[in-house]
Amino acid sequence: MTISLTEQAEFLASARKAGRALREFPGHPPANVDEAYRLQDEVRAAMDEPVCGWKIGATSRPVQEAIGTDEPFAGPLYGPRCHGTGAELPVPEGVLGVECEFAFRLARPLPPRPLPYAPEEVVEAVGSVHPAIELVGLYLPPEAFRDVRWCIADHALDVAFVAGAAIPDWRGLDLPALPVRCMVNGREVAAGTGAAVLGDPVTALTWLANALSRRGCGLLADDWISTGTCTGIQPVRPRDVVEAVFGGTGSVRVAFTGA
């Protein structure tokens, strides 16, 4: 049975609101990446929650190969699902794990325009940089992880976002070289650097500014942008405590609730 884009979006939005993954796919996959973003836009309308920014996924080559793409993808972050350090969150169905990421907070908008943005222009729009943890997962059957079209439609795999305090004097730091450690229950489970994010988190931010500009939406002042994992996806369970440590610049912590 063929169902409309709007009907598919209602299925995905309902699953996201309930925190329960769908057992079956809501119809056929989007025909291509452009249609996947159209479905994502429909889901965003059906969610009827304020958007506070964007997340970027597939910013490393191994993840791109696993999903079947040669570039990153993006999805909206919702205000009610964005939290400060020390948050306590449930682990919904379909969760893949946590990612330790650099997050930017914009001071000025980057609206759509005909010419692409240069990295220097994007950096000038940034107000602050923060350590962040993103909880990622699917509200679709697990096979969706291998199909970039479904990944895009399912909000680029975002579940929740947690940001720490601003990193002081970040413009003087070498973000690609900054070490990032993922700690679960006090034990290091993964480590990386900012170079894991397309070589530089600023490169990822620039990609997003231009990708959204081409779609005619742009970035707003005060938007959060989570730029992609420095430490891979690390599994979590209820009662785990995760801390992302960003060299000597700061950290962010989240505790997961449940039995």
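I began with strand 4, which is joined to strand 12 (residues 250–256) by three bridges, the two running parallel; strands are DSSP runs of E of at least two residues, helices runs of H or I of at least four, numbered from the N terminus, and two strands pair if DSSP finds at least two bridges between them. The model is predicted, so I kept in mind that local features need pLDDT of at least 70 and side-chain atom pairs pLDDT 80 or more, while totals for chains, interfaces and linings use all residues. Residues are numbered from 1 along each chain, and side-chain values use heavy atoms, without hydrogens and water.

I looked up the partner of A87 and found V254 in strand 12. The open sheet has five strands in the order 4-12-11-8-9, with mixed pairing. Strand 4 (87–89) and strand 9 (187–193) are at the edges with a single partner strand each, so one side of each has no neighbour in the sheet.

Last I checked S226, which lies in strand 10 (residues 224–229) and is buried, with a relative accessible area of 0%. Leaving aside neighbours within four places in sequence, I found S226 in contact (heavy atoms within 4.5 Å) with residues including W54, E101 and F161.

Technical notes:
Buried < 20%, exposed > 50% of the residue type's maximum accessible area, 1.4 Å probe, protein only.
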